[in-house]
Amino acid sequence: MFRSDVIEPISTLLAQRAEQHPHVTAFCDDRTTISYEQLLHRTAAVASQLADRGLHVGDRITMFLDNCVEAVEGYLVAPRAGIVTVCADPNMTAPELAHVLRDSSSRAVLTDASHLDATLSVINAEHLAVALVIVVGGHDHSSAPVDARIVRYSDLLVPIAGLAPRDHTDLDEWCWMLYTSGTTGRPKGVRLSQRSCLWVVAACWKPIIDLRTGDTVLSALPLFHSYTLVLCVLAVVATGATTRLMTRFSTSQVLDRLEDAAVTLFPGVPTMFRYLLDANGPRKLHAPGLRLCISAGAVLTAPLNREFESFSGVRLLDGYGITETSTMVTMSPPDSESPAGSCGLPLPGVCVRLVDPATGRDVDGDAEGELWTRGPNLMLGYHDLPEATAAVLHEGWYRTGDLARRDRNGFLFISGRTKELIIRGGENIYPAEIEGALSTAASVADVAVVGVPHPALGEVPIAFVVPASGTNIVPDDLRDHCLQQLARYKIPVDFVEISEIPRTGSGKIRRHLLKSSRENMSEQK
């Protein structure tokens, strides 16, 4: 049943939770625990302080820090201050961070002590118009000189007498921006609203998962993902549940923390569930309070699903979604068995079509087609990219680029991608981004990147490299070159020397030929 009661402004939801459950823990990490009453007052103080320090309505603030309570508050402050919160991957390299700050025109950055030096270095080197750098925790060990732009986050928690937060209540205003990548390989900012995200809460996390007060979500997911924003932050606030944040995924730490009877839900990506299985060997999972696990972000195979459910003794529900749809489009029903390999049924209020990419017509029966979707959960568009937005939004439908089929009962099965996206353990990698980085190496004349299967990660990138005249390919050198420009998970696992990159007459890379050659090489070993 659709739960429209949770589609309210964030300020309203916070006030409701503070009145109903003032002392219930809302969020906690390894050093901070805050109740709903504290969350209401802390976000009000920070929102007021940001306005007092010169952030105007519509200004952007980029979060560049590890998972923590303050990052959660950074999301919730956006509608309270009338600004837009942009979330950056804390593993970004300097060029990647510079692109996000420049593209978003951010006037402020929320970071932590471990990322402060890198943040200031990028801001100064790129001459970016960042007026405020807010630091979580101490920054006494920073090598940067005294900088008037720097303020401690703790200072923002002090209320200003007579000053209240702006508390924007227009649910359709641009509120959050998360970065994804497209065919160009350059990350694109996806504009999301309160309505688009809370619709997923109302259609999925509240009615299907039955998230409620008393639930504790153990989250090892990165907060820069929309999956985490909507489920582990917004859905928790909307329902009065609790989230325990982990700085990052650790197999041993997750297994330890699942032993706490208070933990009732564990969301993850398929790779996490595979790692948990492998680490625990033949033993059953000891998680006395766990009632449900949820998988999204990448395709969950039927064998892994069955194996993990046997291991854990609880259902592992699979769903499909992407940043442009505020995460979820489909979800498996918890009260009945889904067909093996299915990612579930479309959410209430969300429409899907399977379209033949060649003809633009809907496919018949169980034929494969490109998945198109429409609903209130769609993004507002890509930031400052009207042509890219128009390319994927057609008469209200979002063209996902993913191939799928459905059975006679409406269950969907993701079968492939029309895009060239590589999904490594739930992380999106675009070949063009890696190719762009490698092409700047002096020893590289031409390069193409493809994804190949991996038993634990799903897919990993492989680079085919044509050496420049008079040079040889040295994989370690190319790996080091990539590390200067790309996050570690994007680094190719192998560099294959090749005499020529196969291309079409128009110059497009024929990636399927490279994949075939890689498979042949593997068979010959």
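This report looks at cysteines, aromatic ring pairs and charges over rings in a predicted model.

## Ground rules

Because the model is predicted, local features need pLDDT of at least 70 and side-chain atom pairs count only at pLDDT 80 or more, while totals for chains, interfaces and linings use all residues. Residues are numbered from 1 along each chain as its sequence is written, and side-chain values use heavy atoms, with hydrogens and water left out.

## Cysteines

You'll find zero disulfides here, a disulfide being a pair of cysteine sulfur atoms within 2.5 Å. Take Cys-204: the closest cysteine sulfur belongs to Cys-343 and is 12 Å off, so that's too far for a bond. Cys-351 is in no disulfide either, with the sulfur of Cys-343 as its nearest, 16 Å away.

On accessibility, Cys-204 is buried at a relative accessible area of 0%, whereas Cys-351 is partly exposed at 34%. (Buried is under 20% relative accessible area, exposed over 50%, partly exposed in between, using a 1.4 Å probe and protein chains only.)

## Aromatic pairs

Rings of Phe, Tyr and Trp (its six-membered ring) pair if their centres lie within 6.5 Å; planes under 30 degrees apart are stacked, over 60 edge-to-face, and the rest tilted. That rule gives five aromatic pairs. In one of them, Phe-266 and Phe-273 have ring centres 5.8 Å apart and planes at 85 degrees, so they sit edge-to-face.

Both of those residues, Phe-266 and Phe-273, are buried. Ring pairs also tie Phe-266 and Phe-273 into a cluster with Phe-308 and Phe-311.

## Charges over rings

A charge counts as over a ring if NZ of Lys or CZ of Arg is within 6 Å of the ring centre and within 35 degrees of the ring normal. Arg-191 lies over the face of Trp-174, 3.9 Å from the ring centre. Arg-353 lies over the face of Trp-397, at 5.1 Å from the ring centre.
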